[in-house]
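Trainee: I have a structure to read. Please take me through it feature by feature.

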Amino acid sequence: MPTLAQDIQKKTKVSFKRILVATDFSPASRLALAEALRIARKYGSDLTLVHAIAPPGSYHPIPLDPLPRELDRQLLQAEDSMSHLAHEFPIGDLPHHFVIREGEIWDLLSAVMLREDTDLIILGTHGREGLKKVVLGSTAEQVVRSADVPVLTVGPHVPEPSSASGGLKNILFATDFGPASDKALPYALSLAQEYDAKLILVHVVPMVAVGTAAYAAGEFAASEVAQWESRVQQDSQEKLRKLVPSEARFSQTPEFVISRNFVPEGILGMAATHHADLIVMGVNPSSSPRLASHFPWSVAHDVLCQANCPVLTVKA
């Protein structure tokens, strides 16, 4: 019987042929565009750059008719900024086009995504307060949790790529062995093979579980707690190894790492230790993405905000 990894890898292969890049012309969105260009050249992708013009406030007593184009200052400014962006970045050698519309960003992104059969969304975030201040207003986590395609997020701590920076060298795949992680797995496998990168598979044993075991030491012998921890370590190692198909060929041997920590800190710490160029992880869908974007304890939220490298998220 085929393993989960074998089954998923047969069904899914990375193919980013149509990439959607959201921009507000900020430094954060420029970093996102730089990442988009590197991926687009790797996969021969078509690029769509999208900018949403904020709709008028609700203070107008009656609906306003659309302004003539020559009088629409916001539209003209956005078109001028998009033109400057196209001159600043060498995108002329790639198939590309621009979409500038008035409306809520997620409404615009989802419409473009469906119309163009997008394979990947790329956006940037800025501000140390996390995803409440992002390149798209307050919707980055909404995009991550709502999009039916992978989302690459370039956070506020990701350095500007140097001219000498090449492809991906180290890819960290963070898993909790749940459905979202299962769906993200083939992207980590395929990207590691495509880029000849080192794949580091990481599972973080939450501190709450370790703490519960330690608290139980009053009831159980310390040796039993140690045995429990050892079993968790062994079981997790075995699960990680089973994620990689036996027939998969990598230029570097994958590494399997178990960390005992709070989950976000464990993922971020392993990414720093292994000099990850990309974190791949699954995210759980939310019945109310707008509400979910305001939960600061969300694992995805913390990783997206604090990672020193881009993060590729895949929704379950």
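Mentor: Ala248 lies in the loop between α8 (222–242) and β8 (255–261). Two ground rules follow. This is a predicted model, where local features need pLDDT of at least 70, side-chain atom pairs count only at pLDDT 80 or more, and totals for chains, interfaces and linings use all residues. Residues are numbered from 1 along each chain as its sequence is written, and side-chain values use heavy atoms, with hydrogens and water left out.

Trainee: Is Ala248 buried or exposed?

Mentor: Buried means under 20% relative accessible area, exposed over 50%, partly exposed in between (1.4 Å probe, protein chains only). Ala248 has a relative accessible area of 13%, so Ala248 is buried. Ala248 and Gln193 are 55 residues apart in sequence, yet their C-alpha atoms are 8.7 Å apart in space.

Trainee: Now the strands. Which sense do β1 and β2 pair in?

Mentor: Two strands pair if DSSP finds at least two bridges between them. Strand β1 (residues 18–22) and β2 pair in the parallel sense, over five bridges. Arg18 stands opposite Asp46 in β2. Leu20 has Thr48 in β2 as its bridge partner.

Trainee: What other strand does β1 join in parallel?

Mentor: Three bridges join β1 to strand β4 (residues 120–124), and the two run parallel. Here Val21 stands opposite Ile122. As for β2, this strand also pairs with strand β3 (residues 96–102), parallel, over seven bridges. Leu49 faces Phe98 in that pairing.

Trainee: How many residues are buried in β1 and in β2?

Mentor: In β1, four of five residues are buried. In strand β2 (residues 46–53), seven of eight are. Both strands are mostly covered. Keep one general idea in mind: in a regular strand the side chains alternate between the two faces of the sheet.

Trainee: What unit do β1, α2 and β2 make?

Mentor: A crossover is right-handed if, with the strands pointing away from the viewer, the path from the first strand over the helix to the second runs clockwise. β1, helix α2 (residues 27–43) and β2 make a right-handed β-α-β unit.

Trainee: How do I read the packing of α9 and α11?

Mentor: Two packed helices are described by the angle between their axes and the distance between the axes. Axes are lines fitted to C-alpha atoms, for helices over the stretch in contact, and angles run from 0 to 180 degrees between N-to-C directions. The axes of helix α9 (residues 263–273) and helix α11 (residues 299–306) come within 9 Å and cross at roughly 35°.

Trainee: Which residues meet there?

Mentor: Val263, Pro264, Ile267 and Leu268 in α9 meet Val299, Asp302, Val303 and Gln306 in α11.

Trainee: And what covers the buried residues of α11?

Mentor: α11 is mostly covered, with six of its eight residues buried. The cover includes α5 (140–146), β5 (151–154), α9, β9 (278–283) and β10 (311–315).

Definitions and conventions
Contact = heavy atoms within 4.5 Å.
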